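I opened a new page for this structure. The entries below follow the order in which I looked things up.

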Amino acid sequence: MLTTRKFLIGFYLISLIILSSWIWRSGYAKLVTQSNQQLDIFTAHLQSQLQRFNAIPKLLFDQKLVVASLQDTDNTALTEKTNRYLKHVNNTIGASDTYLLDINGTTIAANNWRGEQTFIGKNFAFRPYFQQAVKGQQGRYFALGTTSGQRGYYFSSPVIYAGKIIGVVVVKMDLSKIEKEWTGKQSHFMVTDDDNVIFISNTASWLLHSLTPLNSAKLQKIAASRRYGNKTIAALNFSGQLQESPTLLQLKTAKPFVTNYLSISKSMPTAGWTVRVFTPLTAIFIDMAIGLVLLSLVFWLLNLRLKLSMHKHQRAKDKELLRIKTKYKLKQEVKRRTADLNNEIIERQKMEQTLRDTQKELIQTAKLAVLGQLSASISHELNNPLAAIRSYADNALVFLQREQYQSTDDNLQRIIHLTERMAKISSQLKFFARKSSGELHPVPLLNVINMAIELVRPQLKNHQVAITLDDANIEVLVNVDQVQLEQVLVNLLSNAMQAVEESSDKHIHVSLCRDQQQVIVQVDDSGAGISKENLSQLFDPFFTTKETGLGLGLSISHKIMRNMQGNITAENRPNAGARFSLSLPLAMVPTATTSTTTIPATTTPGKIYPQRKQ
C-alpha cells in the first residue's frame, strides 16, 4: 500500500509538470494568435485614420482662396473668409484643427481664429512638418500642441503658386479619437515613438510615459524637440526583450508582485510609430490553476479509491469511470475550442481577401453605379424590341405556312434590325463600363459626345427631356482620355436633366464650336439657373445643393479637364437656364460647315420635342 502511494505521488508530480507545460504552451500560442489579430485590426484602424486625412492638405492648397490669402495677408476681409472656409473644412472632415502658415511659419488663418487658444499669429517654423513642407514635401509629424496641449498627428502640404512655395496648409488629427475605439479592452493597446514613449494608449495612466527608463541624453533630446512640450517623461519600468515580438515582459510597480504581459509589436515606418499590444498572462495562470485543481481532484479520487478498494471495490470502479468520462469531456471541449479558433481564423482570412478585392473595384464601381441608375430605362429599351421580335416571329411562321415568302422575308428583316438595335444598346453599355487607362490619345470629339448622349438617352426618354446637338459638322481630334471625358459629359447631362425637372419646357442643348486653337462644348439647360452665391463654389470639393449629394461630381470633372489641358466653366444664360462649357485644345485643324441634329428624348405618340432656339 505504501509503495502504491509513493507511485501515486510521483505520478501526480509528473502529471502536474506535464499538464502545466501543456496548458502554458497552448495558452501562450492562443494568446499570441489573438494578440496578433488584435494588433492587425488596431494597425489597420490607425492606417485608415491616417489615409483619411492624407490627401486633405494637398487638396486644400489648390484652392484659389488659400492662395489669395497668402498673397494678400493684409486683406482682413479675405482673411476672414479664409478663416470661415477652414472652419467649414475642419468640421466636414472631423479634424482637430486646420490652419494656414505663411512662408515664415506664422499662422495667418485658422479654424479656431475666434477661440481663446487661437493659432492666429503663432509661429510654427520650428515644427518638422513645416520644415518638410517648405522643402516641397508632404509633411507628417506627431506631437503635443504647443498652444492647445492636445496630442495630434499633423499633415502638411506646401502651397505652390507660379512654381514657388508661398505657404503651408496644416491639418491636425485628434489622436484621442482613436483611443475611444479601444476603451474597455482587456489588452493594453499603445503606440510608441523611437524612444519608446507612449503617446496613444487605451490606458490613460500610461500616456506620455516611456516603457523603460531613459538616460539624460535622450531626455534632453526629447525636451529640445519640443514634441511633448514641458511634459516630464516618466518610466513605467518594464523589463524584458522589448524589441522582440512576441516576447514576455514584466512590469514592476509598488505592488508586491510583478505583472506579466505578452508583448506583440509591429512597426509603422511611414508614420515613425511602433504599434504594440500588451496582454496580461492572467488568463493562462487561471487556466493553470484550474488544471491544478482538476488534476488534484483526480488524484484525490485515486487516493480515495486506494483507501476504499478493499471495502468498496465496485464503487471505486464507478468513480474511475466517472474520471475517464470527465477527462474525455475535457479533451472534447479542447478540441471544440480549437476547431472554433481555426474557423475564426479562416473567416478572418476570407474577410481580408474580400476587402482586398473590394478595394481593387472601388474606381470601377463608381462607373457601374451610373449603369445601375440607367437599368430601369435600359430594361424598357430592350423590352419593346423583344416584344416586337416575338410578334414578327409569330407572323413570319404564319406567312411561311401560307407560302407568302415575301412577307416572311420582310418580318425576318425587321427581326434582324431589332436585334441589331438591341446589340447596339448592349455594346454601348459595355463600352462605357470599361476601365480607364489614364493615358491621353487623339480621339474624334463627336464620337465621344454621341456616346455620352447615347448612354443617357434612356433617362432622357423616361423624364421626357428633349436634347438637341448642334455640331456644326466640326470633325476634330482632341488629345484626351476618352473614358474620363465621357464621364464628365455624362455628369453634365445628368445634372442638366435634374435642373429641368420642374420646368415646363424640358430641353437640353449641346453645341460645338471652334475658337482659334481649341474646341468648346457647351451644355445648356432650360432650368431655373444657378444662384449667384453658389456659382463661385460649384467646383469646390464637398459643395452641393442636393440633400443626398457628396459635392464631388463637378470637382472631379474640373480635375479631369485640367489633367487633359482643358477647362470647365459655369454661367447663367441671359434668358433662362445654366450653361456649362468645356474647352479642349485641338489635336488637328477642323473642317467646318453648318448642320443641326435634333435627338428626341421620347417616342411617345402625340408629344413632340422640337429643336431649341438659341
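I took buried to mean under 20% relative accessible area, exposed over 50%, and partly exposed in between, with a 1.4 Å probe and protein chains only. By that cut-off, 42% of the 614 residues of the protein count as buried.

The model is predicted, so local features need pLDDT of at least 70 and side-chain atom pairs count only at pLDDT 80 or more, while totals for chains, interfaces and linings use all residues. Residues are numbered from 1 along each chain as its sequence is written, and side-chain values use heavy atoms, with hydrogens and water left out.

Secondary structure: I found 16 helices and 21 strands. These are DSSP runs numbered from the N terminus, helices being H or I with at least four residues and strands E with at least two.

Cores: I looked for sets of buried Ala, Val, Leu, Ile, Met, Phe, Trp, Tyr and Cys residues joined through side-chain atoms within 4.5 Å, which is what a nonpolar core means here. The largest has 52 residues, and those with the most contacts inside it are Leu-46, Leu-100, Tyr-153, Phe-199, Tyr-228 and Trp-273. Helix H1 (residues 2-54) gives this core its largest share, seven residues. A second, separate core has 49 residues, including Ile-449 and Phe-539.

I then followed Phe-199, taking contact as heavy atoms within 4.5 Å. Leaving aside neighbours within four places in sequence, its contacts include Phe-142, Leu-175, Tyr-228 and Trp-273, and also Arg-151, Glu-179 and Asp-193.

Pockets and cavities: I used a 1 Å grid over the protein atoms alone; a cavity is a set of points where a 1.4 Å probe fits but cannot get out, a pocket is an open set with protein on both sides within 12 Å along at least five of seven lines, and lining residues have an atom within 4 Å of a point. Grid points are joined across faces, edges and corners, and a volume is the space filled by probe spheres set on the points.

The second largest pocket holds about 1,500 Å³ of space. It has 43 lining residues, and Leu-19, Trp-22, Ile-23, Leu-330 and Val-334 are the closest to its centre. H1, helix H8 (282-308) and helix H9 (313-360) are the elements that each give two or more residues to this lining.

How many cavities of 30 Å³ or more does the whole structure have? I counted five. About 60 Å³ lies in the largest, and its lining includes Tyr-99, Phe-119, Arg-127 and Lys-172.
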